[in-house]
Amino acid sequence: MKTLFQTKPGALLIATLVLAIAASAQTPQTSRLELSSLDHLAAKASQTVDVNIDERLMRIAAKAFSDKDADEREIKKLITGVKGIYVKSFEFDSDGQFTTADVEAVRAQLHGPGWIRLVNVTSKKEGNVEVYLLMVGDDIGGLAVLSSEDRELTVVNIVGPVDLEKLAKLEGQFGVPELGIEKTKDKAKKDDN
Amino acid sequence: MPRTHIRIFAVVAVLALTSAAYAKGDDFNAVVKMIEQFYGVKHEGIPFLARAGMGAARTAARIKGGTARRFAEAGSVKLAVFEDQKFNGEFLKFRNTLNAALNETWSPLVQTVSATDNEQVYIYLREAGEKYNVLVITIEQRDATVVQVTLSPENLKLLLKDPEGTGKAITEEATIIDQE
């Protein structure tokens with residue numbers, strides 16, 4: 001009797017399965033968050049800001065800043081390797097314009113594999129600020145900040161290698177809002193929520 | 001195939017080809033046309049006095065010894081103005097239409113929308129050889145402007161550091177300062 005692998009369709013099926021498993025294992029974790037679920041809030045917001053510095057723009061930015069000037073060299077160093085900076089920010093005229101479900105749609109993605117929540121972060125800004133890092137092995141593959149106040153909701157998503165020191169220096173530049181984030185300790189704790 | 005079906009197919013094919021041509025050809029004119037069609041408005045050209053004003057502004061910059069900053073490279077400004085018209089419509093739908101049309105060649109740098117004040121600002125960027133093209137679309141309750149300029153690498157840095165502020169300054173330079 002022929003085994004499954006010895007028949008032509010069987011061999012094809014097994015090969016396909018093996019390839020699919022191998023491909024899924026090799027798929028790199030992406031630190032780009034899907035934020036379109038928040039788009040509906042724009043209709044209620046007094047101000048919506050959408051910053052999309054994609055890979056194409058990051059390449060342009062890296063090219064524009066020179067190595068000769070010290071300040072520019074610093075900026076160039078900050079953005080080297082970064083594949084994208086995405087910001088979505090909503091300001092409302094009254095309380096209760098966004099729901100827990102809106103925030104949870106973003107937070108759920110940050111509970112995915114590789115993401116850790118930093119517990120050693122404080123913000124000068126009032127409200128709730130959560131900072132997450134995507135770890136790819138020992139390296140940082142991305143960063144996300146979820147900031148919510150009664151009348152404000154902001155998500156900052158940096159794709160590529162970046163750390164909190166870099167984020168602090170990027171605040172107020174490249175469309176990254178002032179979040180007043182400070183790292184108080186060096187440890188990051190695995191988010192187990 | 002019935003004749004009606006052939007006609008419908010032909011119309012759909014022509015529309016598809018036209019919209020593809022919109023995005024790939026002159027994007028500035030395509031955006032102006034898109035605003036006209038979406039909001040049912042009509043743009044105005046740059047008035048003669050404003051053109052004369054551009055020369056005056058350049059002279060003023062020279063008199064000041066070049067201290068006045070000018071963002072746009074000389075002769076690169078394309079401007080369309082919509083004055084005292086109604087811009088009623090779903091801005092999310094407009095934003096999606098705009099992004100879909102420009103996505104291939106332009107990167108959407110910053111998009112700011114205020115539902116309560118009925119204001120929208122869209123800033124797109126693309127490479128143009130050694131320089132950069134910036135497209136700034138501002139739509140308010142009764143007025144709108146579409147500005148396309150070429151930026152030097154030096155001014156691009158300012159745009160990247162402060163996209164909203166520089167985008168606003170580019171529009172002001174094209175519409176207000178040049179008309180002074």
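Of the 87 residues in the largest nonpolar core, A:Ile85, A:Ala144 and B:Val134 touch the most other members. Such a core is a set of buried Ala, Val, Leu, Ile, Met, Phe, Trp, Tyr and Cys residues joined through C-beta atoms within 7 Å. Strand β4 (residues 131–139) of chain B supplies the largest share of this core, six residues. This is a predicted model: local features need pLDDT of at least 70, side-chain atom pairs count only at pLDDT 80 or more, and totals for chains, interfaces and linings use all residues. Residues are numbered from 1 along each chain as its sequence is written, while chains are lettered from A and ligands numbered from 1 in the order in which they are written.

**Core and burial**
- A:Ala144 touches A:Leu33, A:Leu110, A:Tyr132, A:Val155, A:Val156 and A:Asn157, not counting residues up to four places away in sequence.
- Of the 180 residues of chain B, 32% count as buried (20 or more other C-beta atoms within 10 Å of a residue's own, with C-beta atoms placed from the backbone).

**Interface**
- 24 residues of chain A are in contact with 19 residues of chain B (C-beta atoms, placed from the backbone, within 7 Å).
- On the chain A side, β1 (47–53) and α2 (55–64) each supply at least two residues.
- β1(A) gives the most to that side, with seven residues.
- The chain A side divides into twelve nonpolar, six polar and six charged residues. Ala, Val, Leu, Ile, Met, Phe, Trp, Tyr, Cys and Pro count as nonpolar, Asp, Glu, Lys and Arg as charged, and the others, Gly among them, as polar.

**Sheet**
- An open sheet of eleven strands has the order β3(A)-β5(A)-β6(A)-β7(A)-β2(A)-β1(A)-β2(B)-β3(B)-β4(B)-β5(B)-β1(B), with antiparallel pairing (strands pair if DSSP finds at least two bridges between them).
- The edge strands, β3 (115–118) of chain A and β1 (78–82) of chain B, each pair on one side only.
- Four bridges join β1(A) to the antiparallel strand β2 (residues 107–114) of chain B.
- A:Thr48 has B:Val113 in β2(B) as its bridge partner.
- β2(B) also pairs with strand β3 (residues 119–128) of chain B, in the antiparallel sense, over seven bridges.
- B:Gln111 stands opposite B:Tyr122 in β3(B).

**Chain B make-up**
- Chain B has six helices and five strands. These are DSSP runs, numbered from the N terminus: helices are H or I of at least four residues, strands E of at least two.
- From the N terminus on, the chain B elements run α-α-α-β-α-β-β-β-β-α-α.
- Among chain B contacts between residues at least 6 apart in sequence, 64% join residues at least 24 apart.

Terms used:
Contact = placed C-beta atoms within 7 Å. Buried ≥ 20, exposed ≤ 12 C-beta atoms within 10 Å, placed from the backbone.
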